[in-house]
Amino acid sequence: MSAEKTRNFFQEAKTLKKTIKLQGFSQTYAAKRLGFTQSALSNKLRLLQLSPVLQEKILASNLTERHARALLRLPEERREIALKHIILHRYNVSTTEAYIDELLLSAPKTVPAVCKELLPIYESIHKAAKNLQSNGHLVEITEHGGPAMITIHLHVHKK
């Protein structure tokens with residue numbers, strides 16, 4: 001079997017990322033140059049947001065690129081448990097996506113207790129994140145803490 005046939009979708013994403021960086025291409029230009037739509041290229045590059053451990057488990061279980069992309073919808077801390085469940089139950093892509101939808105719907109969406117002086121800042125961070133998402137950026141927010149302290153991690157991935 002040739003090296004090209006043994007290459008997996010994570011290796012392809014790494015190669016694409018390296019090519020874009022080395023050539024100094026924008027994603028839009030790279031997509032046109034490499035024969036992808038801009039969204040297809042973005043989706044391939046997003047795969048690299050999965051940890052190397054999860055990438056290995058996905059490949060070892062013969063899951064597809066679509067399985068991997070479905071996992072990206074979950075917060076990072078929930079991905080490994082979800083992946084174990086998907087592997088254990090041998091979910092196809094459709095069932096995996098439904099399972100992820102179910103997990104997302106069951107996640108608590110409560111605003112943490114924040115002192116009133118911080119509430120405008122908290123709300124403006126979330127508003128900015130929504131604006132970035134509506135402009136095509138992948139944005140992930142994780143929050144930890146309680147009434148006395150809150151830590152917000154805002155991850156914005158360039159287009």
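Buried residues, meaning those under 20% relative accessible area with a 1.4 Å probe and protein chains only, make up 29% of the 159 residues in the chain. The model is predicted: local features need pLDDT of at least 70, side-chain atom pairs count only at pLDDT 80 or more, and totals for chains, interfaces and linings use all residues. Residues are numbered from 1 along each chain as its sequence is written, and side-chain values use heavy atoms, with hydrogens and water left out.

**Overall architecture**

- The secondary structure of the chain comes to 9 helices and 2 strands, where helices (H or I, at least four residues) and strands (E, at least two) are DSSP runs numbered from the N terminus.
- Read from the N terminus, the order of elements is α-α-α-α-α-α-α-α-α-β-β.
- Among contacts in the chain with a separation of 6 or more, 49% are between residues 24 or more positions apart; a contact means heavy atoms within 4.5 Å.

**Packing of α2 with α5**

- Helix α2 (residues 9-23) packs against helix α5 (residues 52-60) at an angle of about 135°, and their axes are 10 Å apart. Axes are lines fitted to C-alpha atoms, for helices over the stretch in contact, and angles run from 0 to 180 degrees between N-to-C directions.
- This angle makes α2 oblique to α5, because angles under 35 degrees count as roughly parallel, over 145 as roughly antiparallel, 65 to 115 as roughly perpendicular and the rest as oblique.
- Phe9, Phe10 and Lys14 of α2 make the contact with Gln55, Ile58 and Leu59 of α5.
- By class, the contact of α2 with α5 has 4 nonpolar, 1 polar and 1 charged residues. Ala, Val, Leu, Ile, Met, Phe, Trp, Tyr, Cys and Pro count as nonpolar, Asp, Glu, Lys and Arg as charged, and the others, Gly among them, as polar.
- Glu12 also belongs to helix α2 and is partly exposed at 27% relative accessibility, the class that lies between buried and exposed, the latter being over 50%.
- The C-alpha atoms of Glu12 and Lys44 are separated by 7.9 Å, although the two residues are 32 residues apart along the chain.

**Packing of α3 with α4**

- The axes of helix α3 (residues 27-34) and helix α4 (residues 38-46) come within 8 Å and cross at roughly 105°.
- On the α3 side the contact is made by Gln27, Thr28, Ala30 and Ala31, and on the α4 side by Gln38, Leu41, Ser42 and Leu45.
- The residues of the contact of α3 with α4 divide into 4 nonpolar, 4 polar and no charged.

**Aromatic pairs**

- Rings of Phe, Tyr and Trp (its six-membered ring) pair if their centres lie within 6.5 Å; planes under 30 degrees apart count as stacked, over 60 as edge-to-face and the rest as tilted. By this rule the count comes to 3 aromatic pairs.
- One of these joins Phe25 and Tyr29, whose ring centres are 4.9 Å apart with planes at 70°, so the pair is edge-to-face.
- Phe25 is buried, with a relative accessible area of 18%, whereas Tyr29 is partly exposed at 40%.
- Tyr91 and Tyr99 form an edge-to-face pair, 5.7 Å centre to centre and with 65° between the planes.
- Tyr99 counts as buried at 12% relative accessibility.

- Helix α7 (residues 76-88) has Arg79, Ala82, Leu83 and Ile86 as its buried residues.
- Thr96 lies in helix α8 (residues 93-106) and is buried, with a relative accessible area of 0%.
- Not counting residues up to four places away in sequence, Thr96 touches His67, Ala70, Ile86 and Tyr91.
- Helix α9 (residues 119-134) has 16 residues and reaches 23 Å from its first C-alpha to its last, close to the 22 Å expected at 1.5 Å a residue; the expected span is 1.5 Å times one less than the number of residues.

**Positive phi values**

- Most residues other than glycine have a negative phi.
- Asn62 has a phi near 60°, a positive value in a residue other than glycine. Asn62 is found in the loop between α5 and α6 (65-71) and is exposed, with a relative accessible area of 69%.
- Arg90 has a positive phi of about 55° although it is not a glycine. Arg90 lies in the loop between α7 and α8 and counts as exposed at 75% relative accessibility.
- Gly136, which follows α9, has a positive phi near 95°.
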